[in-house]
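Thanks for coming, everyone. I'll take you through one model this morning. Have a look at it first, and then we'll talk.

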Amino acid sequence: MNNLFRSAARCLRSGSAVCVPRQTDGRSQWASVRLLCSAADLQKNLGEMVKKDKVVVFMKGTPAQPMCGFSNAVVQILRMHGVDNYAAYNVLEDQDLRQGVKDFSNWPTIPQVYFNGEFVGGCDILLQMHQNGDLVEELKKLGIRSAVLDAEKESK
């Protein structure tokens with residue numbers, strides 16, 4: 001019976017869509033079943049995900065706990081500009097999402113940043129935009145006033 005509970009807990013921890021019982025050798029066991037969708041469905045879903053919010057980030061980890069330096073850098077750049085309200089998707093939780101977003105953008109690395117449904121780039125692009133001032137302008141187009149402008153006023 002303990003194995004049954006351990007198996008069920010493992011299914012729940014893995015984030016599986018469904019855990020179902022199955023019979024093997026006369027014993028009931030839990031099996032993780034993922035609800036797979038076609039590649040076309042995934043691409044359609046990604047298109048909807050990136051359009052749902054003004055700023056969307058596909059990253060390793062979460063904004064509260066980035067799991068790689070590049071994802072952390074994107075979070076820090078957005079935070080520096082006062083962008084706290086954005087959608088973030090942890091690609092480490094779903095390998096289909098991780099590969100799907102790379103295919104969707106035709107960009108091989110994570111993190112990936114989207115503004116109003118349009119692919120901006122990864123960490124290197126966002127950092128370059130921050131350094132040359134383009135990020136302030138792009139945020140303005142989204143109706144987001146960059147906190148960097150306020151910090152510049154205070155320092156003068």
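Let me start with a definition: buried means under 20% relative accessible area, exposed means over 50%, and partly exposed is in between, with a 1.4 Å probe and protein chains only. Two remarks on the source. This is a predicted model, where local features need pLDDT of at least 70, side-chain atom pairs count only at pLDDT 80 or more, and totals for chains, interfaces and linings use all residues. Residues are numbered from 1 along each chain as its sequence is written, and side-chain values use heavy atoms, leaving out hydrogens and water.

Now the loops. Asn 116 is partly exposed, because its relative accessible area is 47%. Asn 116 sits in the loop between β5 and β6 (118-121). What is phi of Asn 116? It is positive, about 50°, although Asn 116 is not a glycine. Asn 106 also has a positive phi, near 60°, and is a residue other than glycine. Asn 106 is found in the loop between α4 (95-105) and β5. Its relative accessibility is 68%, so Asn 106 counts as exposed.

Pro 111 is in the loop between α4 and β5 too. The peptide bond from Ile 110 to Pro 111 is cis, with omega near 15°. Why point these out? Most residues other than glycine have a negative phi, and most peptide bonds are trans.

Next, the rings. How many aromatic pairs does the structure hold? Five. Rings of Phe, Tyr and Trp (its six-membered ring) pair if their centres lie within 6.5 Å; planes under 30 degrees apart are stacked, over 60 edge-to-face, and the rest tilted. Take Phe 58 and Tyr 89. Their ring centres are 5.2 Å apart and their planes at 20°, so this pair is stacked. Phe 58 is in strand β3 (residues 55-59) and Tyr 89 in strand β4 (residues 87-90), so the pair ties together parts 31 residues apart in sequence. Both Phe 58 and Tyr 89 are buried.

Phe 58 also pairs with Tyr 114. Here the centres are 5.8 Å apart and the planes at 80°, so the pair is edge-to-face. Tyr 114 lies in strand β5 (residues 112-115), so this pair with Phe 58 of β3 ties together parts 56 residues apart in sequence. Tyr 114 counts as buried, because its relative accessibility is 1%. For Phe 58 the relative accessible area is 0%. Ring pairs link Phe 58, Tyr 89, Phe 104, Trp 107, Tyr 114 and Phe 119 into a cluster.

Last, the helices. The axes of α3 (residues 69-80) and α5 (residues 123-132) come within 9 Å and cross at roughly 30°. Which residues of α3 meet α5? Phe 70, Ala 73, Val 74, Ile 77, Leu 78 and Met 80 do, and their partners in α5 are Cys 123, Leu 126, Leu 127 and His 130. Contact means heavy atoms within 4.5 Å.

One more residue in α3: Ser 71. Buried or exposed? Buried, because the relative accessible area of Ser 71 is 0%. Leaving out residues up to four places away in sequence, Ser 71 touches Met 59, Lys 60, Pro 66 and Pro 111.

Technical notes:
Axes are lines fitted to C-alpha atoms, for helices over the stretch in contact, and angles run from 0 to 180 degrees between N-to-C directions. Helices (H or I, at least four residues) and strands (E, at least two) are DSSP runs, numbered from the N terminus.
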